[in-house]
Amino acid sequence: MAVATAVALLAALGGALWLAARRLKGPGVRQLHGGGNPSLMHGKTVVITGANSGLGRATAAELLRLGARVIMGCRDRARAEEAAGQLLRELRQSGSPEPDAGAGGELVVKELDLASLSSVRAFCGELLQEESRLDVLINNAGVFQCPYMKTEDGFEMQFGVNHLGHFLLTNLLLGLLKSSAPSRIVVVSSKLYKYGDINFEDLNSEQSYNKSFCYSRSKLANILFSRELARRLEGTNVTVNVLHPGIVRTNLGRHIHIPLLVRPLFNLVSWAFFKTPLEGAQTSIYLASSPEVEGVSGRYFGDCKEEELLPKAMDESVARKLWDISEVMVGMLK
């Protein structure tokens, strides 16, 4: 056991040193098209869910640097305000001009709890009242492999937040997105969709619950939703694309228990092989801002390139049935 642990530790250390050398040799993140042009997103309004940490925060920071007006939709307003303050300080320290409405960039914090349909409706109601346009919606927030629990409305938490909350949010904002066209919807999914399936007999996991499977199912639902939405939006000049960010070092895995003795090894391995939030956010930033994907819709991306999907993620009949049931579950249809 001790020998195996030592071998694993040495392998992880070797990997860490290799990655460190690679990162020192060249840039660790993809250079955005437009060369990080600070005016690329000038005059555009972007909503990002879960923007106070991890991928969402990194996405918000980069789009802010590109001149976007970024609205952070976050469950914990105090943490979101703190994150916003840090983003502005980092922007100043980097030498970039601090954003303001006149220069095209701005940072706005709004409360949004995707585990509460009433919170989603309140957020959208406020947004529709205050905003004249919405150029990009990034459905980023997520719950990962949590113990069995339910949302305020009685849905299994992962399916409720990752799919249903964003389903309602997107539908309520569609009118504004259409009137702002050309506009974009970006949905963050996961490669783990491959291990899920849509069980219409137990969408709420009341018959059985496996936290890994249910996460995968919610991410498969993200893809099916994105493809069906893209079909419905044909001809509107509103595009919808879905992505996987890869394995990223974020707080998304807070529900995963790692034994105390293994944590140093896990931390070393994650540093060596997992992406940073900024690296993981590159595809979200690319789909939100790059001229390369103007007019592209209904596709699945990873590392800023289109990738193929498994047949179950392209099943149009399942996608339509999931849409119809989701409409009922969130109260859009009685």
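**Salt bridges, cores and backbone features**

The side chains of Glu316 and Arg320 form a salt bridge, with N and O 3.8 Å apart. The model examined here is predicted. Both Glu316 and Arg320 belong to helix H10, where four residues, about one turn of the helix, separate them. Glu316 is partly exposed, at 48% relative accessible area. Arg320 is also partly exposed, with a value of 35%.

Salt bridges link Glu228, Arg231, Arg232, Glu316 and Arg320. Within that group, Arg231 and Glu228 pair with their closest N and O atoms 2.6 Å apart. The two residues sit three places apart in helix H6, so about one helical turn separates them.

In total, the structure holds 16 salt bridges. Another of them joins the side chains of Glu130 and Lys110, at an N to O distance of 2.7 Å. This bridge connects distant parts of the chain, with Glu130 in helix H4 and Lys110 in strand S3 (residues 106–111), 20 residues apart. Glu130 is partly exposed, with 47% relative accessibility. Lys110, in contrast, is buried, with a relative accessible area of 6%.

The largest nonpolar core contains 51 residues. Leu169, Leu173, Leu177, Ile185 and Leu229 have the most contacts inside it. Two or more residues of this core come from each of helix H4 (117–130), H5, strand S5 (183–188), helix H6 (211–232), strand S6 (238–244) and H10. Helix H5 supplies the largest share, eleven residues. Leu169 touches Thr49, Leu112, Val120, Phe123, Cys124, Leu137 and Asn139, leaving aside residues up to four places away in sequence. Another core, of 37 residues, lies apart from the largest one. Its members include Val136, Ile138, Leu287 and Cys304.

Helix H5 (residues 157–179) also carries His166. This histidine is buried, at 3% relative accessibility. With residues up to four places away in sequence set aside, His166 touches Thr49, Leu114, Asn139, Asn140, Ala141 and Val161.

A disulfide is a covalent bond between the sulfur atoms of two cysteines. The count of disulfides in the model is zero. Cys146 is in no disulfide: the nearest cysteine sulfur belongs to Cys214 and is 8.7 Å away. That distance exceeds the 2.5 Å cut-off, so the pair does not count as a disulfide. Cys146 is buried, with a relative accessible area of 0%. Cys74 is buried as well, at 1% relative accessibility.

On the surface, Val328, Met332 and Leu333 form a nonpolar patch. Together these residues have about 240 Å² of accessible area. Met332 lies in the segment after helix H10 (316–329). At 31% relative accessibility, Met332 is partly exposed.

Several backbone features fall in loops. The peptide bond from Ala181 to Pro182 is cis, and its omega is near 5°. Pro182 is located in the loop between H5 and S5. Ser205 is not a glycine, yet its phi is positive, at about 55°. The loop between S5 and H6 holds Ser205. This serine is buried, with 3% relative accessibility. Asp303, also a residue other than glycine, has a positive phi near 50°. Asp303 occupies the loop between strand S7 (300–302) and strand S8 (305–306). At 39% relative accessibility, Asp303 is partly exposed.

Terms used: Residues numbered from 1 in each chain as written. Predicted model: local features only at pLDDT ≥ 70, side-chain atom pairs only at ≥ 80, totals over all residues. Heavy atoms only, no water. Buried < 20%, exposed > 50% of the residue type's maximum accessible area, 1.4 Å probe, protein only. Patch = residues over 30% accessible without salt bridge, like charges linked within 9 Å, V, L, I, M, F, W, Y side chains within 5 Å. Areas by Shrake-Rupley, 256 points an atom, 1.4 Å probe, with all protein chains shown as cover. Salt bridge = Lys/Arg side-chain N within 4 Å of Asp/Glu carboxyl O. Contact = heavy atoms within 4.5 Å. Core = buried A, V, L, I, M, F, W, Y, C linked by side-chain atoms within 4.5 Å.
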